[in-house]
Amino acid sequence: MAQPDFVFRGHQAAVNGVRFFADDRFLVSGDQDGHLIVWNMLLKRRFASAPKAHSGPILAVCGVGVDTVVSQGRDNKLCVWRLEAGEFKGELVLARSMDVDAMSFCKFTVSSADGETWIVALSDAGLGDAFAYEVGSGKHASFNIGHKTSTPSGSRQDPPMSLSLECLPSSASDGDKRRLVLYAGYESTLLQCFELCVSADGCVAEHARFLTTQHKEPIMSIDFDSERQVLYTCAADNTVCCIPVDDADASSTTKHATLKNAGAAEIRCFSSPDLVAVAGWDYVARLYSKDLEHLSDMVFHRAALTSIDLSTPSKECPPHIEDPAARQRWSSRPQWLAVASRDTRISLWVT
């Protein structure tokens with residue numbers, strides 16, 4: 001059976017999020033104890049850490065540019081960190097902290113365009129209140145994506161469980177406005193699309209459309225392909241869906257795959273190579289084609305998987321690496337798939 005190329009073992013608690021950033025020079029991860037770690041991918045060693053970045057479990061992490069890390073915790077905080085990097089060691093310095101609502105375990109989502117990076121997170125999960133935040137400028141605007149669902153005992157709030165954001169490139173007609181598209185998956189299995197317009201006057205969220213899924217349990221994760229034509233979803237059930245974004249009758253064209261066991265924490269779609277990766281609660285990472293044809297399974301971990309990411313195939317060496325041997329080592333590196341698990345480990349697989 002295939003084995004990972006490398007395993008990070010620096011966490012002492014379940015790892016809940018993992019992302020490459022800074023042209024894959026770094027990998028950031030966060031765990032159940034609130035510990036945030038940045039790994040040096042050239043040396044495969046710990047580069048910087050914040051042992052108590054959050055007073056509760058970290059739900060999600062990402063890197064922005066080369067020197068910024070974002071983390072969200074169950075302590076209802078979204079933190080922006082500045083990475084002060086030396087040659088072999090760095091330091092995470094808290095730059096900003098914002099209140100969020102982690103009641104529904106809904107993770108923040110991030111997207112970049114035209115030199116801007118926008119984050120959307122929930123400020124009140126029960127009511128569907130959310131905000132958009134631009135990392136570089138600090139712009140902040142609130143909006144609502146609340147939904148009520150009907151039950152035998154009456155209507156109730158339907159909290160968002162997952163978000164996926166697309167930052168649209170600016171056009172001449174936009175002026176100082178920023179257009180965003182947000183997909184939200186709800187506890188009731190509803191999937192909605194919102195068109196957001198952020199300006200100096202705030203954020204206007206217009207409901208664009210409902211999208212049909214074949215899920216019977218809450219939607220846990222959403223991603224889309226590089227052309228923004230197809231959405232991929234996974235849920236607490238055993239179904240993975242592929243949904244055309246602009247199809248008026250998506251129910252007739254939605255493709256799906258059936259997992260051997262119910263429950264997946266995250267789904268990611270990658271373009272180089274064309275892959276859809278699913279982090280399963282049954283300890284298995286599954287790879288599919290973009291048409292959801294099963295390609296392979298990666299079996300290594302001893303607990304539920306929580307997060308998954310793929311490094312870029314670029315062979316360009318970062319300019320800060322000056323040593324010839326190190327530059328050669330970096331340029332010949334493989335493309336890695338990083339898989340995080342509740343067994344405290346992060347495995348790296350060569351794709």
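In this predicted model, Arg74 lies over the face of Phe105, with 4.0 Å to the ring centre. Lys44 is placed likewise over the face of Phe6, at 5.7 Å from the ring centre.

Phe6 also takes part in contacts between rings. Together with Phe8 and Trp39, Phe6 forms one aromatic cluster. Across the whole structure, a search finds six aromatic pairs. One of them joins Phe6 and Phe8: the ring centres are 5.1 Å apart and the planes meet at 70°, which is over 60 degrees, so the pair is edge-to-face. The two residues fall into separate burial classes. Phe8 has a relative accessible area of 2% and is buried, because the cut-off for buried is under 20%. Phe6, at 28%, is partly exposed.

Phe300 and Trp349 form another edge-to-face pair, with 6.4 Å centre to centre and 80° between the planes. This pair links distant parts of the chain, 49 residues apart: Phe300 sits in the loop between strand 27 (294-299) and strand 28 (305-310), and Trp349 belongs to strand 30 (residues 346-350). Trp349 is buried, with a relative accessible area of 5%. Phe300 has a relative accessibility of 18%, so Phe300 counts as buried too, given the cut-off of under 20%.

Strand 8 (residues 77-85) pairs with strand 9 over nine antiparallel bridges. Glu84 has Glu91, in strand 9, as its bridge partner.

Technical notes: Residues numbered from 1 in each chain as written. Predicted model: local features only at pLDDT ≥ 70, side-chain atom pairs only at ≥ 80, totals over all residues. Heavy atoms only, no water. Pairing = 2+ DSSP bridges. Helix = DSSP H or I, 4+ residues; strand = E, 2+ residues; numbered from the N terminus. Phe/Tyr/Trp six-rings, centres within 6.5 Å; stacked < 30°, edge-to-face > 60°. Buried < 20%, exposed > 50% of the residue type's maximum accessible area, 1.4 Å probe, protein only. Lys NZ or Arg CZ within 6 Å of the ring centre and 35° of its normal.
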